[in-house]
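Subject: Structure handover

Hello,

Here is the structure I promised to pass on. Please open it and keep it beside this email as you read.

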Amino acid sequence: MQKIVVNDTNVFIDLLDVELLDFFFSLPWEIHTTDTVMLELTNEGQHDAVQQFVDNKRLHVIEFESKQVMEIASMHSKLRDKTNVSFTDCSVWYYAKSKHYPLLTGDRKLRSSASHDGVEVHGILYVFDALVEHGIIKANDAASRLRQLRLSNPRLPKEEVERRIKTWEGE
């Protein structure tokens, strides 16, 4: 059975920054996201780059019914002051939890809140690991792109990034 993952906005942005989006969609995963994530892809070329995977049916965009939107809005209003998670964050968290799918996000607040709520959560380093593990990119290419990503995303966990770079450059 194919693994299904729910993708947050920042993972798409990170993948676009290091030109790994096409490779991401080569993973043996069925990738889902929400319509509000698509609305957050506002920088030049981001939406179009991701939309091509919707068009060729490799990315499934979930549009919620009004009852679900109300539940997400309620979740957001309860949590926004405590956790500062956005409505979009709540949409992917809600969807991942309701379907028991892993959530891919680089947002620390979302990651912590969803994980505390019982959702399996992974970040961009998990994606890099999977790309190498599945032979989609070579280890030295992963190290190089991770160095590049570190420049555009300073929030990455420094020790974990360094450990991977050393390991992958040693292969």
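One definition comes before the rest: a residue is buried under 20% relative accessible area, exposed over 50%, and partly exposed in between (1.4 Å probe, protein chains only). This is a predicted model: local features need pLDDT of at least 70, side-chain atom pairs count only at pLDDT 80 or more, and totals for chains, interfaces and linings use all residues. Residues are numbered from 1 along each chain as its sequence is written, and side-chain values use heavy atoms, with hydrogens and water left out.

Most residues other than glycine have a negative phi. Glu 19 is not a glycine, yet its phi is positive, at about 55°. Glu 19 sits in the loop between α1 and α2 (21-24). Helices (H or I, at least four residues) and strands (E, at least two) are DSSP runs, numbered from the N terminus. Glu 19 counts as exposed because its relative accessible area is 62%.

His 100 is not a glycine either, and its phi is positive at about 60°. Look for His 100 in the loop between α6 (87-99) and β4. With a relative accessible area of 72%, His 100 is exposed.

**The sheet**

In which order do the five strands of the open sheet lie? The order is β3-β2-β1-β4-β5, and the pairing is parallel. Two strands pair if DSSP finds at least two bridges between them. The edge strands, β3 and β5 (121-122), each pair on one side only. Strand β1 runs parallel to β4 (residues 103-104), and two bridges join them. Val 6 has Leu 103 as its bridge partner in β4.

Helix α1 lies across β1, β2 (29-34), β3 and β4. Its direction is about 95° to β1. Axes here are lines fitted to C-alpha atoms, for helices over the stretch in contact, and angles run from 0 to 180 degrees between N-to-C directions. The buried residues of α1 are Thr 9, Asn 10, Val 11, Phe 12, Asp 14 and Leu 15.

Asp 8 is in the loop between β1 (3-7) and α1 (9-17). How far from Asp 8 is the nearest side chain of opposite charge? That side chain is Arg 155, 9.3 Å away. Asp 8 is buried but has no salt bridge. A salt bridge is a side-chain nitrogen of Lys or Arg within 4 Å of a carboxyl oxygen of Asp or Glu. For charge, Lys and Arg count as positive and Asp and Glu as negative; His and the chain ends are not counted. Leaving out residues up to four places away in sequence, Asp 8 touches several residues, including Val 37, Asp 89 and Asp 107. Contact means heavy atoms within 4.5 Å.

**The core**

A nonpolar core is a set of buried Ala, Val, Leu, Ile, Met, Phe, Trp, Tyr and Cys residues joined through side-chain atoms within 4.5 Å. The largest one has 57 residues, and Phe 24 and Val 127 have the most contacts inside it. Helix α8 (residues 124-133) gives the largest share of this core, seven residues. Not counting residues up to four places away in sequence, Phe 24 touches Val 127 and Leu 131, among others.

Glu 63 lies in the loop between β3 (59-62) and α5 (66-83). Glu 63 counts as exposed because its relative accessibility is 62%. Lys 82 is in helix α5, and at 71% relative accessibility Lys 82 is exposed.

Best wishes
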